[in-house]
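User: I'm new to this one and would like a slow walk through it. Could you begin with a helix and how it sits?

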Amino acid sequence: MGYIMSQESFDAMLDELSSTYRIWAPVNKVGEGRHTDTDVVRYDFVSWVKEIEWEKKSDYAFKEILTPLSQTLFFFTEDEVKEANRDVKDVLVFLRSCDMHALKRQDDIYLHNGKERDYFYDQMRQHVHFVLMGCSHSYQECFCVDMGSNQTKDGYVFSFDIIDGNIHSDVKDETFNNVFKKYAGQEKDVTPQYVTENDVHVTIPNEIPLSIYKSDMWDEYKTRCIGCGRCNFVCPTCTCYTMQDIYYTDNGKVGERRRVCASCMVDGYTNVAGGGQYRRDQGERMRFKVLHKVYDHRQRFGYDMCVGCGRCTNVCPEYISMAAAINKLNKTVEELKNE
Ligand code: SF4
Ligand code: SF4
């Protein structure tokens with residue numbers, strides 16, 4: 001069922017929904033960008049349509065609602081462990097099609113990657129519902145079409161498009177029909193907007209020979225990449241974390257355990273006991289990241305991890321392009337095949 005309503009009516013509906021849900025959406029944070037006098041679009045809780053950043057692509061992904069940058073899992077004393085309290089109110093998350101596809105990758109890793117489901121992710125996941133934001137045009141560095149993540153047909157409770165000042169919604173979850181009927185001026189079939197063409201294109205090799213590990217294609221990144229890890233923190237599909245124990249006392253027996261977001265591009269990520277380090281330079285780390293995004297995940301789950309959102313390219317201080325790295329990988333694989 002589809003509905004069209006004014007922004008004022010949608011606000012009234014959000015107000016009613018807010019008694020059941022918190023609403024988490026991209027917000028333009030004025031003056032909080034990386035450079036002076038620049039803005040950044042990151043997720044936050046909102047109450048009204050005008051707070052939702054509709055025009056720009058979010059610089060950061062929705063994933064922090066499921067996997068916060070730093071999350072206290074439990075507290076411990078000498079003889080007791082207590083799980084940290086959680087806000088269990090349900091959340092409506094506004095996100096675009098590429099991020100809906102990224103959610104599937106997050107679920108793959110945290111819920112379907114072995115016998116055990118990740119307990120803490122699972123707890124949060126049950127309380128999170130998704131609102132699909134349409135895309136009326138492609139954004140800088142997006143290559144979602146080539147990655148097949150430009151359109152989403154299910155998995156959302158309703159969609160959200162602003163067209164000529166009105167909200168157009170395709171309601172997928174029947175439990176929302178009553179509230180939409182109450183506030184919408186018009187019922188009409190609605191298809192969420194999606195892009196069919198990007199400026200940026202990638203070609204991903206089907207098979208990758210083992211010799212790619214020794215290729216000099218990675219050398220450029222040894223000096224160019226500064227290992228800041230920004231690309232991982234903005235990526236909607238990166239899932240790595242590390243553990244931190246914070247001790248409140250000198251005896252080291254009272255404190256809390258936190259799960260903290262980690263980056264495969266940052267020095268120390270592959271350190272192991274005895275002083276070993278599996279990937280020592282930025283070339284090796286870039287090789288791992290690129291192959292993880294467009295090869296390893298496919299071997300495990302049947303499709304690539306990268307959804308082509310382009311955020312890693314947008315945020316990189318060294319202008320390292322993920323799409324260019326994928327295309328360079330493809331070219332190198334073709335050359336290796338002909339050797
Ligand atoms: S384009 Fe970059 S940020 Fe986006 S999913 Fe792919 S690797 Fe992650
Ligand atoms: S954002 Fe750029 S410079 Fe920083 S780790 Fe990623 S690729 Fe390297």
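Analyst: Helix α1 (residues 7-17) lies across β1, β2 (21-29), β6 (90-96), β8 (158-163) and β9, and runs at about 105° to β1. Helices (H or I, at least four residues) and strands (E, at least two) are DSSP runs, numbered from the N terminus. The axes are lines fitted to C-alpha atoms, for helices over the stretch in contact (heavy atoms within 4.5 Å), and angles run from 0 to 180 degrees between N-to-C directions.

User: Before we go on, what kind of model is this, and how are things numbered?
Analyst: This is a predicted model, where local features need pLDDT of at least 70 and side-chain atom pairs count only at pLDDT 80 or more, while totals for chains, interfaces and linings use all residues. Residues are numbered from 1 along each chain as its sequence is written, chains are lettered from A and ligands numbered from 1 in the order in which they are written, and side-chain values use heavy atoms, with hydrogens and water left out.

User: OK, which strands does helix α2 lie across?
Analyst: Helix α2 (residues 97-111) lies across β3, β6 and β7 (128-133), at about 120° to β6.

User: And what is the strand order in the open sheet?
Analyst: The eight strands follow the order β3-β2-β6-β7-β8-β9-β1-β10, with mixed pairing; two strands pair if DSSP finds at least two bridges between them. At the edges are β3 (40-45) and β10 (186-187), each of which pairs on one side only.

User: How many bridges join β1 to β9, and do they run parallel or antiparallel?
Analyst: Five bridges join β1 (residues 2-6) to β9 (residues 166-170), and the two strands run antiparallel. Within β9, isoleucine 167 is the bridge partner of methionine 5.

User: Switching topic, what surrounds ligand 2?
Analyst: Ligand 2 is surrounded by 13 residues, the closest being Cys225, Cys228, Gly229, Cys231 and Cys316, where a residue is near if one of its heavy atoms lies within 4 Å. That shell divides into eight nonpolar, two polar and three charged residues. Here Ala, Val, Leu, Ile, Met, Phe, Trp, Tyr, Cys and Pro count as nonpolar, Asp, Glu, Lys and Arg as charged, and the others, Gly among them, as polar.

User: And how does the shell around ligand 1 divide?
Analyst: It has eight nonpolar, three polar and one charged, and the residues around ligand 1 include Phe143, Cys235, Lys293 and Met322.

User: Last one: where is aspartate 37 found, and is it buried or exposed?
Analyst: Aspartate 37 is found in the loop between β2 and β3, and has a positive phi of about 60° although it is not a glycine. Aspartate 37 counts as exposed because its relative accessibility is 76%, given that buried means under 20% relative accessible area, exposed over 50%, and partly exposed in between (1.4 Å probe, protein chains only).
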